[in-house]
Amino acid sequence: MATRTPPGPRGLPLVGNTHQWVRDPCAFKERCADYGRVVNYEILGWDAYMLTEPADVERVLADEHDRFPKHEEGNDELRTFLGDGLVTSQGDLWERQRAAIQPAFDMTHVKRYADVMVDRAAETSERLAAGEPVDVRDAMTRTTLEILVDCMFGRDIDVADRGIYDAVAAFQEPMRPRNQPITFFAPDWAPIPFLRRAERALDHLEEQVYDILERRRAGEEDRDDLLAVLVDADQAMADEQIRDEMLTFLFAGHETTALTLTYVWDLLSRNPDVERRLRAEVDEVCDGRPAIEDLFEFEYAGHVVREALRLYPPAHEIRREPVEDVRFGGYDVPAGSLLVLPTWVLHRDDRFWDDPEAFRPERWADGGDRPEFAYFPFGGGPRRCIGQQFAMTEAQLVLATLVRDWTFERRYGDLELTAGVTLQPSGDVEMVPRRPDAVGREH
């Protein structure tokens, strides 16, 4: 059978398409999608192949997932910081860890975390002041990190006193979009400030994790947090492995929900009718502060979160690597190449979505007639995000807690985006909180 190379945008000598990708990764992928089902380009020295058919995405993530492990070169960089946690581990180690950690994210456990989520959201609400501008992204990041630490280690761990918040921010800096190319190519010895800050932050977080773990092993009280699940796992887990999993959750376990909530507030500020309808549902369902029982009565709140994840998926692409030469749609994809599954592109593809650029939560009322992998904000197959249930519960409960007390007015025009490991606003998301009554709250 003759070899067929997929079409794609022309690049420059040596750099390929890296300059186009760095300038605007999402717009670059949108242009690439015009080439068809399989698109070939080169970024960061990698031979990349982007797939634009949901059936091909399903094949990679679910049907033949063993043939498409994580892209090793990109994974190695994360492993430098995270060790062999769930995000970076593969094969038998990943299967053992997934099985050990899964119980902590079953709905029975997630229900126990609901009060933590609402408590921390209520504290965020109390910190806001009408008319005083706030960076909503920072506020949501603090809220979701506090929730995560409570659920990981218990409520007796103080995020501020232990310096966890600042350390996590520095720890994540190398994977910020503006820093990612430097992170990938800089030699280990290079005196780059954000890399050295990240190293110090990693050391600090390791100290905190080991200290908390030592105290936990010496204690006798029963706990139901994530650390307790790991300590009590059927297959005894070494302290180093627990460290890797804790760092993985600190790195990846709160940012995606914080970003989702940031995008929700931006979208609500642009669509006041949606916000009023959401607030009316929350007022109707909740008798006082939101509770886990209310979650099962929410309908529109879930639609709002799903629609925000469609328009602004924090995991804007998923990367895999074929272990052998494969074909998609008659095109050849060689072993060892970078396979890109563009969440951003498929979530806005007009083949599957009416008026795809519009924020229309009601589109989720009937589910729609579209392929399953036209929408995959949490991935799919065996490696679907283990925290999906947690994240959806958290987003709705935090949103319900805040929307009753506050509405937000933008202090910016269009929301500028940048994309690295996650899809992020490129600057501050400054908004002014107002009391809904003050802007004509409807009952």
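## Sheets, helices and cores

Thr 407 stands opposite Arg 434 in β11. That contact point belongs to the pairing of β8 and β11, which run antiparallel over four bridges; two strands count as paired if DSSP finds at least two bridges between them. The model is a predicted one, so local features need pLDDT of at least 70 and side-chain atom pairs count only at pLDDT 80 or more, while totals for chains, interfaces and linings use all residues. Residues are numbered from 1 along each chain as its sequence is written, and side-chain values use heavy atoms, leaving out hydrogens and water. Helices (H or I, at least four residues) and strands (E, at least two) are DSSP runs, numbered from the N terminus.

**The three-stranded sheet**

- β8 is part of an open, three-stranded sheet with the order β3-β11-β8 and antiparallel pairing.
- Its edges are β3 (134–135) and β8 (407–410), each of which pairs on one side only.
- On the β3 side, two bridges join β3 to β11 (residues 430–434), again antiparallel; Asp 135 has Glu 430 of β11 as its bridge partner.
- Helix α13 packs on this sheet and touches β8 and β11, where contact means heavy atoms within 4.5 Å.
- The direction of α13 makes about 80° with that of β8; axes are lines fitted to C-alpha atoms, for helices over the stretch in contact, and angles run from 0 to 180 degrees between N-to-C directions.

**The four-stranded sheet**

- A mixed open sheet has four strands in the order β1-β2-β7-β4.
- β1 (38–43) and β4 (318–320) are the edge strands, each pairing on one side only.
- From one strand to the next, the twist averages 30°.
- β1 and β2 (residues 46–51) are antiparallel and share six bridges; Val 38 is partnered with Leu 51, and Val 39 with Met 50.
- Helix α3 (residues 54–63) packs on this sheet, touching β2, β4 and β7 (338–341), and its direction makes about 120° with that of β7.
- Although β1 is an edge strand, five of its six residues are buried, so β1 is largely enclosed by the rest of the structure. Buried here means under 20% relative accessible area, exposed means over 50%, and partly exposed lies in between (1.4 Å probe, protein chains only).

**Two leucines with positive phi**

- Most residues other than glycine have a negative phi, which makes the next two worth a look.
- Leu 44 sits in the loop between β1 and β2, a hairpin with two residues between the strands, and its phi is positive, near 50°. At 7% relative accessibility, Leu 44 counts as buried.
- Leu 14 has a positive phi too, near 75°. This residue lies in the segment before α1 (18–23), and Leu 14 is exposed, with a relative accessible area of 84%.

**Helix pairs**

- The axes of α7 (residues 136–153) and α13 (residues 255–270) come within 8 Å and cross at roughly 140°. That makes α7 oblique to α13; under 35 degrees is roughly parallel, over 145 roughly antiparallel, 65 to 115 roughly perpendicular, and the rest oblique.
- The α7 and α13 crossing is right-handed: a crossing is right-handed if the near helix is turned clockwise from the far one by less than a right angle, and left-handed if anticlockwise.
- α14 (residues 272–285) and α18 (residues 388–403) pack at about 95°, with axes 10 Å apart. That makes α14 roughly perpendicular to α18.
- Glu 275, Leu 278, Arg 279 and Val 282 of α14 meet Leu 399, Ala 400 and Val 403 of α18.

**Nonpolar cores**

- The largest nonpolar core has 125 residues, and those with the most contacts inside it are Phe 153, Met 246, Leu 250, Trp 265, Leu 268, Phe 328 and Leu 399. A nonpolar core is a set of buried Ala, Val, Leu, Ile, Met, Phe, Trp, Tyr and Cys residues joined through side-chain atoms within 4.5 Å.
- Leaving aside residues up to four places away in sequence, Leu 250 touches Leu 145, Leu 148, Val 149, Met 152, Ile 164, Val 168, Gln 172 and Leu 205.
- A second, separate core of 12 residues includes Trp 21, Cys 32, Val 39 and Met 50.
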